[in-house]
Amino acid sequence: MYRFNHKDLLGMDQLSVNDINMILDTADAFVEISSRDIKKVPTLRGKSVVSFFYEPSTRTKASFEMAAKRLSADTLSLSATDSSMVKGETLIDTARNLQAMNPDIIILRHSSSGAPHLLARYVDAGVINAGDGMHEHPTQALLDLFTIRKKKGRIKGLRVVIIGDIAHSRVARSDIIGLRKMGADVTISGPPTMIPVDAESLGVKIVFDPAKALRNKDVIMMLRIQLERQNGIQFPSLREYSLFFGLNKELMKGAKKDVIIMHPGPINRGVEITGDVADGPSSVILDQVSNGVAIRMALLYLLIGGGRGDNLD
Amino acid sequence: MITWIKGGEVIDPRSGTKRTLDIVIQKGKIERLLPPGNFSPPGDIDLKIIDASGMIVTPGLIDMHVHFREPGEEYKETIATGSQAAAAGGFTAVACMPNTNPINDSRSVTDFILERARKANLTRVYPVAAISRGLRSESLTEFGDLKQAGAVAVSDDGRPVTSSELMRRAIEYARFFNLPVISHCEDLDLSNKGVMHEGTISTRLGLRGVPAASEEIMVVREILLAKLTGYPVHIAHVSTEGSVTFIKQAKEEGVPVTAETAPHYFSLDHTALTDFDTNAKMRPPLREPKDVEAIKRGLSQGVIDVIATDHAPHSPLEKDVEFDNAAFGIIGLETALSLTLALVRDGVIDLPTAIAKLSYNPASILSVKGGFIEEGKEADLTVIDLNSEYVVQKEGFKSKSHNSPFIGWKMTGRAILTMVGGRIVWESNEQRNPDS
Ligand SMILES: [Zn+2]
Ligand SMILES: [Zn+2]
């Protein structure tokens with residue numbers, strides 16, 4: 001018998017196909033709860049979840065908090081502006097302090113790749129990676145997989161293109177790993193300055209030009225251009241970026257009729273995607289947001305309550 | 001007093017000697033080298049016999065690239081603890097790089113280092129002085145004064161000379177004083193805050209990559225400057241296939257260039273980083289399997305002359321942190337010999353070649369004493385047990401730091417006795433006070 005048997009969720013890397021299916025199936029059940037009048041179940045009563053954000057992120061943080069509250073867990077959230085974290089305390093010191101509070105789960109967002117792995121070595125609590133540097137953002141990938149499965153009925157065999165700053169995107173990395181594991185065909189696209197070295201080793205095809213890359217695709221995933229990275233070295237200007245790499249109505253003419261458009265948010269309207277396309281009929285961007293809560297409920301449930309036993313996969 | 005090293009197989013790469021010989025040492029010098037059974041000690045003298053049967057005896061090993069953190073970061077390593085680590089690793093001499101605090105860019109710092117080395121009184125310590133004041137790539141240090149104080153070479157290791165004009169003048173000026181110039185080859189712009197090798201693993205881990213070209217661009221610059229000036233440049237810690245190719249070609253054209261690599265570049269590749277292990281983070285970074293193979297080829301073809309450790313101690317303060325924030329560098333003095341002997345067992349190089357790269361070659365490049373075994377010369381010797389098996393343990397290091405990616409590795413072959421000027425500075429399983 002299959003059992004979900006993980007203490008932490010550090011990356012998509014560690015999950016098997018069975019694990020991913022289990023998470024998505026569990027999320028399906030939680031979608032139902034979210035549609036009730038009283039959106040709360042006592043499943044994690046008495047459990048505590050600490051979220052700990054070294055980087056600002058309203059959306060991911062809110063989504064986790066909502067998920068924990070709907071499961072009746074106690075929540076505590078700390079952010080980088082809280083005093084102890086700006087006084088030069090090391091991550092390990094902080095980890096030991098958090099551990100002293102004996103939480104069941106620690107959710108970490110950090111600007112350094114690998115920070116959750118370091119944390120996990122020093123705490124007994126389960127650690128959920130809510131985004132580490134340019135490495136992974138597994139809960140985003142899971143909610144993306146969940147959204148695709150709901151919209152398309154399957155993941156295996158679908159053709160997906162991811163467009164934008166692949167090199168610096170943890171979302172892209174986690175999505176690529178997850179999609180490949182689930183049997184989707186993945187193409188990446190964007191300016192060559194933003195395609196990582198040896199990207200083929202991730203099992204993807206590279207088509208630099210979005211106009212060509214999006215043809216015959218079932219899913220288009222747009223990535224956010226981080227405005228702070230706009231230093232004139234990766235690309236000359238936002239104007240030129242939107243002209244050659246942004247998704248607009250014109251470009252959409254070359255896409256399949258039933259394509260779905262995704263974006264991890266927040267959107268820079270008029271840069272990587274125009275407003276009419278983001279709000280248009282193919283867009284599932286808002287579904288991603290609501291699915292995010294269900295996926296995070298599923299993860300908290302599986303990591304804390306789902307019982308860790310023998311894993312046969 | 002006479003010390004009699006009995007029955008060991010003497011390997012002396014310079015003379016090509018590889019046979020069982022007794023070594024008789026008196027007053028710090030090798031008095032006699034003779035076949036077994038030919039020495040009868042005078043009855044009226046203090047005699048110490050070292051049974052070296054089944055062992056090999058080599059010239060004292062010389063590490064031409066270490067970072068002892070004194071002055072400035074004594075909590076990581078001092079000249080005394082670094083010398084202990086060196087002795088335990090079979091090294092009788094080390095050359096220490098100038099990126100201390102203060103930087104070794106003046107006579108007073110060179111004097112200080114030599115004074116500390118005298119106090120430690122274990123291995124020989126040769127200071128390498130900075131090329132530029134404050135390692136700032138702006139103006140030259142006083143090469144002449146530094147040489148008189150005891151510096152054996154100049155290098156801006158730790159922060160490469162960014163100005164090609166300054167590097168050219170440094171090489172020209174060094175020629176007047178016969179000072180070797182050692183270059184840490186890295187184009188810092190191209191490294192662009194990278195923390196590991198740029199390739200499949202950096203792409204996978206989302207860590208900033210340092211492309212191989214970042215090293216190779218500078219290797220080519222130094223080759224061109226050596227050609228321009230006609231004076232040798234020594235390339236430190238070669239890590240890429242491209243560097244090996246360029247150096248090979250330069251040597252074939254007769255350009256005066258020499259090169260070293262470190263044991264980690266032929267023992268590990270970038271897959272060692274997959275768990276974000278900060279003990280595998282160094283500069284240049286661990287590269288790809290094809291680079292590891294090229295380094296081995298470079299060693300066997302004589303493109304790479306020297307094996308040096310780039311021993312770079314750091315404390316948990318610098319290493320038990322997020323990967324991006326962790327310091328670059330690993331310790332190496334106590335694992336270098338074993339890792340090199342593994343190359344010999346694998347048939348990459350033969351034993352005399354390995355010993356040459358660890359003794360005679362660095363001695364010739366730096367023009368320091370030692371590197372060979374000859375009657376009348378200082379008794380700097382290393383006795384090696386090729387068959388001793390052990391597991392590298394964190395607690396086992398004599399170094400003050402233990403930032404090594406080789407912890408837990410099973411090794412075969414190690415130094416069991418290290419002798420500097422006739423004095424035993426280290427003997428297997430115990431640290432001896434050299435004066436007792
Ligand atoms: Zn260096
Ligand atoms: Zn160095």
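How many salt bridges are counted between chain A and chain B? The count is 2 in this predicted model.

**View 1. The contact between chain A and chain B.** Chain A brings 25 residues to the contact, and chain B brings 18 residues. About 1600 Å² is buried between the two chains. Carbon and sulfur atoms give 54% of that area. On the chain A side, A:S113, A:M134 and A:V197 supply 25% of the area buried against chain B, more than any other three residues.

**View 2. A salt bridge across the chains.** The side chain of B:R204 meets that of A:E136. The N to O distance is 3.7 Å. The count between chain A and chain B is 2 salt bridges.

**View 3. Helices α6 and α12 of chain A.** Helix α6 (residues 138-152) packs on helix α12 (residues 285-305) at an angle of about 115°. Their axes are 8 Å apart. The crossing of α6(A) and α12(A) is right-handed. Residues of α6(A) in the contact include A:L142, A:L143, A:F146 and A:K150. Those of α12(A) include A:D287, A:N291, A:I295 and A:R296. By class, the contact has 6 nonpolar, 6 polar and 5 charged residues.

View 4. B:L337 lies in helix α12 (residues 336-345) of chain B. Its relative accessible area is 3%, so B:L337 counts as buried, the cut-off being under 20%. Leaving aside neighbours within four places in sequence, its contacts are B:L61, B:G89, B:L358, B:I384, B:R414 and B:A415. B:L337 and B:A415 are 78 residues apart in sequence, yet 7.6 Å apart in space, C-alpha to C-alpha.

How values were computed:
Residues numbered from 1 in each chain as written. Chains lettered and ligands numbered in written order. Predicted model: local features only at pLDDT ≥ 70, side-chain atom pairs only at ≥ 80, totals over all residues. Heavy atoms only, no water. Axes fitted to C-alpha atoms, helices over the stretch in contact; angles between N-to-C directions. Helix = DSSP H or I, 4+ residues; strand = E, 2+ residues; numbered from the N terminus. Left-handed = near helix turned anticlockwise from the far one by under 90°. Contact = heavy atoms within 4.5 Å. Nonpolar A, V, L, I, M, F, W, Y, C, P; charged D, E, K, R; others polar. Buried < 20%, exposed > 50% of the residue type's maximum accessible area, 1.4 Å probe, protein only. Buried area = accessible area lost by both parts, 1.4 Å probe. Salt bridge = Lys/Arg side-chain N within 4 Å of Asp/Glu carboxyl O.
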